[in-house]
Amino acid sequence: MKRIDCFIPYVDATQARATIEALRAEVEVNNIYLLSSTPADDVPQGCCLLVISGATSSATMRVIAGHAVSDYALLYSKHDTLKMAPFALERFVSLADDTGAGMLYADHYNVTDSGAVKAPVIDYQRGSLRDDFDFGSVLFFNTAALQAAVAAMKADYEFAGLYDLRLKLSQRSEIVHINEFLYSDVEQDTRKSGEKIFDYVDPRNRGRQIEMEAACTEHLKEVGAWLAPERDGRPNFRHIEFDRGDFAVEATVMIPVRNRIRTIRDAIGSVLKQQTTFKFNLMVVDNFSTDGTREAIAEYDDPRLIHIIADYYDMGIGGYWNLAAHHELAGKFIVQLDSDDMYADEHTLQTMVDAFYEQNVAMVVGTYQMTDIKLNPIPPGIIDHREWTPENGRNNALRINGLGAPRAFYTPVLRDIKIPNTSYGEDYALGLNISRHYQIGRVYTPVYLCRRWDDNSDAALDVEKMNRNNLYKDRIRTWELQARIALNKQ
């Protein structure tokens, strides 16, 4: 019956006591290993202390694999008390036996000051390449699969060891989500969703991100999805002549909007003041606005502003982009602006358009400054998405969850591809598709003000909405992964 070795973080006996006592009471538990960054003299009887270099380092993964001797290994990632539901460990073992999975994880409860709340997680897919994929705090490994994955690890990471292990394991075994609530732990990150989504681009996390990129790139190469920057000594991207079609203007700024009366005038004003050497226009695609936004747009007596009424119940933001891209007055290039954001100054549009010609690209990603609603800078400050390198940006894009802003596109390519008719992830799907064949250009000077406020669509999402969004983006990555593998086989 003793088929599980448990590995839990350890600071001192007080911190770990409740978790250790609960695991000792489980008949399935064989050994309990305590993971600590320093030696300790107060190790509870019957437990073994393992001194590790870091919770998610490659060295720690090797230590765990080297000490796991039972059929299964349970890794707990939090310092707070873990409480398993009755017979939950038996359920893990039973499903592990039945499925032959390399790793299992489960829905759970998060305990907060206000009580316990459900914390469901989502299914793992081939495209679940995000290094911040939420498995919960309990990872349940088949020991043989764990050891095989660790044996395949080539690098020695400080931060990306667990991520590297998961990727290696996914190549060899199935990762199974148990849609049942099997344990509870303490929620340590109580920030709203809108505060968490920029963690991966925080400059303070740059060292960690470099390691994650290296681990993901190695995985893509091993599964046949990596796209080389060169082929036969030449750039592995399609060349663009920028001579397709006849356009009334050089550039169009596109603003999709619904009920943004507090910010829409700021957005429009930042476009109309642009100083350029070419003609441009502004398309505001308005969907069922009822708060005065529609009337505010109609106030402008400027022939450059084209107000498109798009009252379609079955159309998302991607659908509005398609309307603008195929409009007879669309420019050769289309540049994005969200209805609650602004261009940084009057030179943004010129800078973005110039980048197409200078870099010969089908899409340009700019750099933005995070601000509050009053345009005061807020952390993490300037977001430049340095992961969009010419050499590896389109590969690393499969790991990250966003592309930066503003985004601009060569209109004929936009018309060829079509944008998914959704209101979340449509720009990400488009960027992945374009980058499969074309180079993505970059502007590293801040040209955009990204305003964070309570009415942002992603400011405070509940767990169900966050799960739907993440599941869809993982699906996008899965489709793109399959397409790139097929492309490489041609």
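In strand β4, the bridge partner of Cys-6 is Leu-74. Strands and helices are DSSP runs numbered from the N terminus, with at least two residues (E) for a strand and at least four (H or I) for a helix. The structure is a predicted model, in which local features need pLDDT of at least 70 and side-chain atom pairs count only at pLDDT 80 or more, whereas totals for chains, interfaces and linings use all residues. Residues are numbered from 1 along each chain as its sequence is written, and side-chain values use heavy atoms, with hydrogens and water left out.

Strand β1 (residues 4-9) and β4 run parallel and are joined by 4 bridges; two strands are taken as paired if DSSP finds at least two bridges between them. Strand β4 is also joined to β8, by 5 bridges, and these two run antiparallel. In β8, Phe-140 stands opposite Leu-74. Because 5 of the 5 residues of β4 are buried, this strand is largely enclosed by the rest of the structure. Buried means under 20% relative accessible area, exposed means over 50%, and partly exposed lies in between (1.4 Å probe, protein chains only). In a regular strand the side chains alternate between the two faces of the sheet. Both faces of β4 are covered, with Tyr-72, Leu-74 and Tyr-76 buried on one side and Ala-73 and Leu-75 buried on the other.

Helix α4 (residues 143-152) has as its buried residues Thr-143, Ala-145, Leu-146, Ala-149, Val-150 and Ala-152. The elements that cover these residues include α2 (58-67), β4 (72-76), β8 (138-142) and α5 (161-172). At the start of α4, a side-chain oxygen of Asn-142 reaches to within 3.0 Å of the backbone nitrogen of Ala-144. A polar contact is a pair of N or O atoms within 3.5 Å; within protein, one must be able to donate a hydrogen and the other to accept it, and residues adjacent in sequence count only if both atoms are side-chain atoms. In helix α1 (residues 13-24) lies Thr-19, which is buried at a relative accessible area of 3%. Leaving aside neighbours within four places in sequence, Thr-19 is in contact (heavy atoms within 4.5 Å) with Ile-8, Asp-80, Thr-81 and Leu-82.

In soluble globular proteins, nonpolar side chains tend to be buried together. A nonpolar core is here a set of buried Ala, Val, Leu, Ile, Met, Phe, Trp, Tyr and Cys residues joined through side-chain atoms within 4.5 Å. The largest such core has 112 residues, and Phe-7, Phe-141, Ile-255, Ile-268, Leu-282 and Ile-434 are those with the most contacts inside it. Apart from this core lies another, of 32 residues, among them Cys-6, Leu-34, Tyr-76 and Ala-106. With neighbours within four places in sequence left aside, the contacts of Leu-282 are Val-253, Ile-255, Ile-268, Val-271, Leu-272, Arg-304, Leu-305 and Ile-306.

A search of the whole structure finds 18 aromatic pairs. Rings of Phe, Tyr and Trp (its six-membered ring) pair if their centres lie within 6.5 Å; planes under 30 degrees apart count as stacked, over 60 as edge-to-face and the rest as tilted. One aromatic cluster is formed by Phe-242, Phe-333, Phe-356, Tyr-357 and Tyr-410. A charge sits over a ring if NZ of Lys or CZ of Arg is within 6 Å of the ring centre and within 35 degrees of the ring normal. Lys-221 lies over the face of Trp-226, at 4.5 Å from the ring centre, and Lys-473 over the face of Tyr-428, at 5.0 Å.

Helix α13 (residues 411-417) contains Arg-415, which counts as partly exposed at 25% relative accessibility. A polar atom of the Arg-415 side chain lies 3.5 Å from the backbone oxygen of His-327. Lys-418, in the loop between α13 and α14 (426-437), is partly exposed, with a relative accessible area of 42%.

Most residues other than glycine have a negative phi, and most peptide bonds are trans. Phi of Lys-418 is near 70°, a positive value, and phi of Phe-288 is near 55°, also positive. The peptide bond from Pro-379 to Pro-380 is cis, with omega near 0°, and Pro-380 lies in strand β18. The bond from Ala-405 to Pro-406 is cis as well, with omega near -5°.
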